[in-house]
Structures are given as C-alpha cells and as structure tokens.
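Hi everyone, thanks for coming.

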Number of protein chains: 2
Amino acid sequence: MGKKHISPETVKRIIVYCRYLEMFQKKGVKIISSKDVTVFLGINASQFRKDLSFFGEFGKRGVGYDVNNLLNSLKAIIGLEQKVQVIVVGVGKLGAALIGYPGFSKLNIEITAAFDKDFEKIGRKIENLEVLHIKKVESVVKKNNIKIAVLCVPAEEAQKVADLLVGAGIQSILNFAPTYLDLPKNIYLNNVDMASELGSLIFKLK
Amino acid sequence: MGKKHISPETVKRIIVYCRYLEMFQKKGVKIISSKDVTVFLGINASQFRKDLSFFGEFGKRGVGYDVNNLLNSLKAIIGLEQKVQVIVVGVGKLGAALIGYPGFSKLNIEITAAFDKDFEKIGRKIENLEVLHIKKVESVVKKNNIKIAVLCVPAEEAQKVADLLVGAGIQSILNFAPTYLDLPKNIYLNNVDMASELGSLIFKLK
C-alpha cells in the first residue's frame, strides 16, 4: 500500500507502539501478543493489527510478535531507524522545555541546535546545547542537512521566522506558536495548539 | 444541532476563530467578512460558515459579522464566557512553561494552582503562582470547584497521579505525559504527544 494512503493517526499510533515496544524491550520481553500492547494502550487488538497491516506481515499467528524485530521494523517505517536531527527555534520557556523533553531522544530524535534572536539567551546553554543567533540558522541547517524545525517563537513573530526557516532549507515545521502559518505547498506543517486542546475539554464539560 | 454531533476539529477551529476575532477586536475592527477571517487562517470561507452554522445564525448576508457579538457568542458556545479555572500538575520544565503560556489567559483560562511532589519545587513561585504539595490537590479542587487538570508529570508517574486527580474530583485531563492513561469512562481526556507530532513529520519527509 502506498505511503500516501497511511493516515496521520496511523502514523502517530505507530510511534506510540514504538514507545511501548521499547518499554517491553527494556524489561527483557522477547515476544508479545497484540493483546499485550493493547492492554497498555487502550487500543483494541484489531486496530493494532490493522495499523501494522499497512506496512506488511509482522508476527506469527498463535506465537506473537518478536519485540526487537517489530520495533526495528516500525522505526524504519517512520524513518527513525537512524538519528533524526531537528532544530528548535525560539528558546523561551516552551522551547527550553522541548529541548529537554525526554520523549524525543527516546525516539532517536536529536535536537542538534537551538536558536533565538535575544542576545540575553544567545550563548547560554540549555541541556548542554548552546543557544545560537538566528542568523546562523541557514549555515547550521545546510551543514547538517537538517530538514525539521520546531518553532516556539511568539505568535506575532512566527510567520517571519517560518519564512526564514523555509529559505534556509527547512522542509517541515512543528509549530507551537498559536497562529496560522502560510507556507509553500511543499512544506509540511504540524500545529500543536495547547489552548485549543484545553478549550475542547472545556467544551465537552459544558 | 446537538452538542454531541460537533466534532472536536470544529471545536478547535472555533477556538482559533476566537483568537482571531480578539485580534480584530484589539485593532478596533467592528465588522468582518468570513473572508477576512479565513485569509488569516488558511481555512476557506465555506468551512468557516459551516462551522458557525452548527451553532446558529451569525452575520448578515452582504454585511458581515459583528466582531464583538460573534466573539462573545463563540466564547459562550465553548464555555469560555467566564473565567475557567485549571490546575497544572507537575512543574518540571514543561509544566512551568505551560503556566506561563500566554495562549491560555487570552482565552479566559486561568491556571489557579500548580502542584508537585518534589520538595525542592514546593513553595517556589512560577509566574506568581506558588507551587503546592500534591497532597493539597483535593482540597484546592473541591474549594474552587475545579474540573480540569493539565498533567505534566513523567510518564511513569502519570497513571498514579491521574487516578489521584480523578479521586479529587477532576473531570477532564489534558495529558502531556507520553503514556496511555486508563481512566473511568466519564472522564474526558485529551493527549498532547509531542514526539508523535514530530514523528509524523519525519514520516512525511521520508
């Protein structure tokens, strides 16, 4: 099945499966059933099997899944079999928190560099990463062939900085600024809007 | 149309509309067209009109929308016409960043209290909010009739703390811990999984 048919929800679940498989791997578990995974995730076993079925045949009926093989296969499917380099742009509180977020390194995602325009922040170290001036972004991106940026600047700066990133060669942006970004069609954009998430809970409670 | 038919995506867009209407309001704009909103949001005008249509009749054909009226109506629809009190549980870097997140206060969401179990954090002030011991959560929740918690504890603590929150009377949890939470059916849960968001961008780039 072609990649384009895989929904973003499936991909996100695959990443969640990776996290759980790593947990099993650490515990020394060699073989798991789909039920073992799904008991932890609250996803039913048929969903798990369906998600995997997009990518091929895994596991043996009546035996289960080999934890190492399945984890390696799923990581390769996502593109996480090798380290993926990412930059963080804007190291206010949220940007600084993301640099230290343990969920990234667990998934082979490395924050390679962090940028800001505030001279009070430039040169400071966050989790052993020196904050660089935003004017250096293009040379760092090109030198390291980095394609992904996490954008944590204030909403009113976000479009301008995003344009700069695209000009520097960034192809994907994970945007935490609570604003709409107008980007070229070939740039991938995911928005994480925390106020919207909270607002939708408030609506449900009403 | 009943509330249960409104998709979470519609609700999230309504919140985004509120943010933009506030921007127009601040600029002193009285009347807008659906195109004015959608030019900023990259959503087409028919989507905007369709989203509003779930909740009633707004705006006048050929005239447009009264910014104040529409904003007040949309806020009331979501449940944001009055201040909504929320607690943050776990004030590591991410929790501390969320306490200062400007997107919440703009939407009438107030972080009323913050909790941790780490005695090094308890008593410290973050954005003028004193960090309280987690053992106080039930009394604060009950006293203030708080229904919503933002959970920012490490993954391995999240289930235990979520159970504690539910026991204290919390009805909705916005979970930032990268783990599945098993909660009673009557508790609303939204998960924000930043590694999954980044992973799905990595997949698209492959």
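**Ring pairs and a helix contact**

Okay, let's start with the aromatic rings: over all chains, the structure holds eight aromatic pairs. Keep in mind as we go that this is a predicted model.

Take A:Y101 and A:F104. Their rings form an edge-to-face pair, at 4.9 Å centre to centre with 70° between the planes. Are those two residues buried or exposed? Both A:Y101 and A:F104 are buried.

Now over to chain B. The ring centres of B:Y101 and B:F104 lie 4.9 Å apart and their planes are at 70°, so that pair is edge-to-face; the cut-off for calling a pair edge-to-face is over 60 degrees. B:Y101 and B:F104 are both buried, too.

Back in chain A, there's a cluster to look at: A:Y17, A:F48 and A:Y65 are linked by ring pairs.

In chain A, helix α7, residues 137–144, packs with helix α8, residues 155–168, at an angle of about 40°, and their axes are 9 Å apart. That angle makes α7(A) oblique to α8(A). As for handedness, the crossing of α7(A) and α8(A) is right-handed.

So which residues make the contact? From α7(A) we have A:V137, A:E138, A:V141 and A:K142, and from α8(A) come A:L164, A:L165, A:G167 and A:A168. Sort the contact of α7(A) with α8(A) by class, and you get five nonpolar residues, one polar and two charged.

Note on methods. Residues numbered from 1 in each chain as written. Chains lettered and ligands numbered in written order. Predicted model: local features only at pLDDT ≥ 70, side-chain atom pairs only at ≥ 80, totals over all residues. Heavy atoms only, no water. Phe/Tyr/Trp six-rings, centres within 6.5 Å; stacked < 30°, edge-to-face > 60°. Buried < 20%, exposed > 50% of the residue type's maximum accessible area, 1.4 Å probe, protein only. Axes fitted to C-alpha atoms, helices over the stretch in contact; angles between N-to-C directions. Helix = DSSP H or I, 4+ residues; strand = E, 2+ residues; numbered from the N terminus. Parallel < 35°, antiparallel > 145°, perpendicular 65-115°, else oblique. Left-handed = near helix turned anticlockwise from the far one by under 90°. Contact = heavy atoms within 4.5 Å. Nonpolar A, V, L, I, M, F, W, Y, C, P; charged D, E, K, R; others polar.
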